[in-house]
Amino acid sequence: MKQHTGTPRTADDVRLCNLGRAVLETEAHAVACLAERLDGEFATACRLMLACEGRVVVTGMGKSGHIGAKIAATLASTGTPAFFVHPGEASHGDLGMITPKDLVLALSNSGETDELLTILPLIKRLAVPMIAFTGKPASRLAQTATVHIDVSVEKEACPLGLAPTASTTATLAMGDAMAVALLESRGFTAEDFARSHPAGTLGRRLLLRIEDLMHTGEASPRVHEKARLSEALVEMTQKGLGMTSVVDAEERLIGIFTDGDLRRLLDHGDFHFSNLPIAEVMHQGGITARPAMLAAEALKIMESGKINALPVVDDEGKLLGALNMHDLLRAGVV
């Protein structure tokens with residue numbers, strides 16, 4: 001059964017909301033303090049990542065590891081090749097994933113995580129740059145790193161001061177800040193992002209082209225200019241796109257007839273028009289599309305023109321196919 005929502009109704013509701021609000025306020029304050037703390041170290045870290053010829057290898061233990069995996073994923077999807085390595089596994093062979101062209105991003109709130117300290121000498125032996133996010137600037141990890149980013153917080157949101165809460169939020173936010181700064185510096189575009197997310201909504205909107213979706217050949221409704229309206233109606237019914245293109249002898253598009261045009265004829269009250277030449281009742285010319293256009297562009301054309309289908313033509317005006325709004329819906333472009 002759905003529980004009530006909205007304004008707290010009981011004393012226990014108020015207590016729970018106050019507890020949750022205190023956590024959010026503590027974590028918001030922790031992130032706000034990071035913004036005031038950004039300095040040349042942040043800029044140096046960004047420049048090291050921009051200069052990296054390999055990949056950014058993110059590592060961290062426990063909750064820092066979970067945050068590290070998210071940061072690696074964000075970096076990778078925004079133009080900075082990155083992956084996560086568990087520090088415990090690194091001591092048992094996974095350190096071989098790191099090459100001399102890579103860069104290491106190590107996360108540890110204490111800066112004294114045993115699993116990280118164990119692999120520090122090996123990382124130094126590889127002579128790869130290392131950026132450390134810690135809450136303790138005096139820690140061994142911070143002191144050993146090429147660049148240290150201070151992500152310390154005044155207190156955890158956990159009332160016991162034990163569960164990583166504000167500290168992990170701050171670390172994640174700093175990772176996001178770095179990823180976006182790198183994204184901007186690289187001139188990373190929405191289309192670049194879509195290439196990393198081809199199955200996502202943005203990928204479908206930015207990568208799918210009309211030629212990937214349009215109906216061609218026998219599936220594309222068309223009649224010749226000397227056809228009767230009755231023939232056009234049969235073609236529209238069989239192909240089910242709510243329209244038919246009208247072409248000349250050389251297959252060049254000369255007009256369009258839609259189900260909207262049919263309704264307008266019916267509104268005039270004359271029901272004896274089936275023998276009319278299609279050329280007399282079609283809409284001459286009409287809005288068209290090119291096969292290489294993005295599907296998102298087709299959507300914009302349809303919405304602005306308040307139409308549901310588009311003939312697709314080549315540069316010489318020859319009909320290649322047709323695209324319907326339902327095709328865009330099925331592809332997830334809408």
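Author: A definition comes first: axes are lines fitted to C-alpha atoms, for helices over the stretch in contact, and angles run from 0 to 180 degrees between N-to-C directions. Contact, in turn, means heavy atoms within 4.5 Å. Helices (H or I, at least four residues) and strands (E, at least two) are DSSP runs, numbered from the N terminus. The model is a predicted one, in which local features need pLDDT of at least 70 and side-chain atom pairs count only at pLDDT 80 or more, while totals for chains, interfaces and linings use all residues. Residues are numbered from 1 along each chain as its sequence is written, and side-chain values use heavy atoms, with hydrogens and water left out.

Helix 14 (residues 295-305) lies across strand 11 and strand 12, and runs at about 130° to strand 11. These two strands belong to an open sheet of 3 strands, in the order 6-12-11, with antiparallel pairing. Strand 6 (215-216) and strand 11 (309-313) each have a single partner strand and stand at the edges, so one side of each is left without a neighbour in the sheet. Two strands are said to pair if DSSP finds at least two bridges between them. Strand 11 and strand 12 (residues 319-324) run antiparallel and are joined by 5 bridges. Within this arrangement, V312 stands opposite G321 in strand 12. In general, strands of a sheet pair through backbone hydrogen bonds, either parallel or antiparallel.

The loop between helix 14 and strand 11 contains K306. This residue is not a glycine, yet K306 has a positive phi of about 55°. K306 counts as exposed because its relative accessibility is 78%; the term exposed means over 50% relative accessible area, buried means under 20%, and partly exposed lies in between (1.4 Å probe, protein chains only).

I210 is placed in helix 10 (residues 210-213), and counts as buried because its relative accessible area is 0%. Leaving aside neighbours within four places in sequence, I210 is in contact with several residues, including A295, A298, V312 and L323. P291 is also one of the contacts of I210; the C-alpha atoms of I210 and P291 are separated by 5.0 Å, although the two residues are 81 residues apart along the chain.
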